[in-house]
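Hello,

Here is the structure I promised to pass on. Please open it first, then read my notes below.

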Amino acid sequence: MMEFPLPPAEALVFSDALKKRVTDRIESQNGWISFADYMACVLYEPGLGYYSGGSANLGESGDFVTAPEMSPLYGHTLADAVIPLMRQTEPKILELGAGTGRLARDVLDRFSSSGVTCDCYEILEVSPELRQRQQAMLGKYRQIGWLDSLPECFEGVLIANEVLDAMPVQLVVRRKTGWYELGVGYREGRFVFDERPASSALADSIAFQIPDSGLLPEGYVTEIHTQACAFIRSLANRLAIGKAGAAIFVDYGFPGHEYYHPERTAGTLMCHYRHRAHTDPFFLPGLQDITAHLDFTSLARAAAEEGLDVLCYTTQANFLIGSGLIGLVQDFSEKRDDAQFLLQSQAVQKLLSPAEMGEVFKVLILGHNITPPAFMLEIDKSGRL
């Protein structure tokens with residue numbers, strides 16, 4: 001059994017309060033809520049959820065480390081990839097879930113050093129605590145602003161780094177008689193999984209995401225990304241209204257045929273607490289992150305059905321190398337001392353290594369009236385979706 005460090009007493013008070021709120025919700029709905037509802041509550045319940053109550057902790061001392069926290073070269077490379085897209089639309093950036101603000105800082109710094117104009121850099125952030133950290137880091141940048149919701153129409157380039165993986169998912173299990181939804185009940189002082197036959201709407205979502213769902217083995221558990229697909233459709237409608245725009249999603253996941261492989265019988269749901277990864281979503285509600293890998297095939301299909309083009313799909317390693325990361329590393333080595341260069345080299349190794357983030361992290365770039373630059377065409381693997 002994995003051992004976890006105990007949280008402070010005041011954090012446990014918040015976790016217990018959130019647990020009570022979830023149990024009240026379960027009781028008010030006849031003893032059962034969907035896992036998506038549970039995940040939404042423990043991550044986003046106002047004042048108590050992981051992302052909305054101040055528990056989200058990024059960096060080496062927190063629960064997990066994202067790519068922008070590892071090296072400014074990540075943001076600089078992403079900026080270089082954005083520039084040829086932004087030249088075809090408005091000089092605007094919209095970042096979803098900006099973490100500590102480091103990615104925005106690094107992108108804007110790269111724009112500035114490259115002589116590229118960015119009139120507006122807006123951030124949509126659901127966490128009040130993270131928004132405060134972003135405001136402290138980005139106070140000197142005149143282009144920065146914050147939004148509370150997606151604009152009805154967007155022209156520019158949207159960036160989302162590790163955002164879709166935290167959108168609530170529905171859990172399903174295959175039985176002899178068909179698909180069942182795994183929901184959450186509460187018995188004997190603890191949360192438990194309870195299953196019910198999948199609704200017709202959920203059955204439609206299963207058919208959309210898993211065309212060969214009838215071939216999967218009995219007892220097969222997996223995630224259905226209803227909310228992420230709905231978000232992509234909503235974003236597509238907002239991009240299609242404008243003259244031109246693009247969206248870059250960086251996250252961990254697989255194409256559908258790998259995601260729903262018959263041997264992946266337990267799904268991809270994962271929890272992160274103090275740099276420990278585990279699979280118990282009921283551990284310390286509100287004090288840990290809960291995520292699932294993405295099904296990039298379904299996301300691309302949802303976008304295409306709403307009129308967007310898939311400009312590029314590839315691994316993070318291919319994307320960063322294609323966008324010029326190696327050249328930036330070489331430039332960095334000429335301007336910094338050996339100790340700084342060693343730290344950056346180690347970070348770049350994690351970003352590119354197949355054993356770390358290089359292969360499991362993918363990049364999906366969608367567009368409306370945008371022509372992909374040559375380097376994207378060279379690295380594109382959208383035929384594998």
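**Salt bridges, a helix and a cavity**

Asp 106 counts as buried, because its relative accessibility is 3%, under the 20% cut-off. Keep in mind that this is a predicted model.

Asp 106 has a charged partner. It forms a salt bridge with Arg 105, and the closest N and O atoms are 3.1 Å apart. Arg 105 counts as partly exposed, at 26% relative accessibility.

The count of salt bridges comes to 13. Two others sit within helices.

- Asp 24 and Lys 20 meet through their side chains, at 2.8 Å from N to O. They are four residues apart in helix α1 (residues 9–28), so about one helical turn separates them. Asp 24 is partly exposed at 33% relative accessibility. Lys 20 is partly exposed too, at 48%.
- Glu 129 and Arg 133 form a salt bridge at 3.8 Å, N to O. They are four residues apart in helix α6 (residues 128–137), again about one helical turn. Glu 129 counts as partly exposed at 25% relative accessibility. Arg 133 is partly exposed, with a relative accessible area of 30%.

Now to the cavity. A search of the whole structure finds one cavity of 30 Å³ or more. Two elements give two or more residues each to the lining: α4 (72–86) and α11 (316–322). The largest share, three residues, comes from α11. By class, the lining has six nonpolar residues, one polar and no charged ones.

Helix α4 deserves a look of its own. It is mostly covered, with 12 of its 15 residues buried. Among the buried ones are Tyr 74, His 76, Leu 78 and Met 86. Ser 71 caps the N-terminal end of α4. A side-chain oxygen of Ser 71 lies 3.0 Å from the backbone nitrogen of Leu 73. What span should the 15 residues of α4 have? At 1.5 Å a residue, α4 should span 21 Å, and its end C-alpha atoms are 20 Å apart, which agrees.

Best wishes

How values were computed. Residues numbered from 1 in each chain as written. Predicted model: local features only at pLDDT ≥ 70, side-chain atom pairs only at ≥ 80, totals over all residues. Heavy atoms only, no water. 1 Å grid on protein atoms, 1.4 Å probe; cavity = no way out; pocket = protein on both sides within 12 Å on 5 of 7 lines; lining within 4 Å. Points joined across faces, edges and corners; volume = space filled by probe spheres on them. Nonpolar A, V, L, I, M, F, W, Y, C, P; charged D, E, K, R; others polar. Expected span 1.5 Å × (residues − 1). Buried < 20%, exposed > 50% of the residue type's maximum accessible area, 1.4 Å probe, protein only. Polar contact = N/O pair within 3.5 Å; in protein donor to acceptor, adjacent residues only side chain to side chain. Salt bridge = Lys/Arg side-chain N within 4 Å of Asp/Glu carboxyl O.
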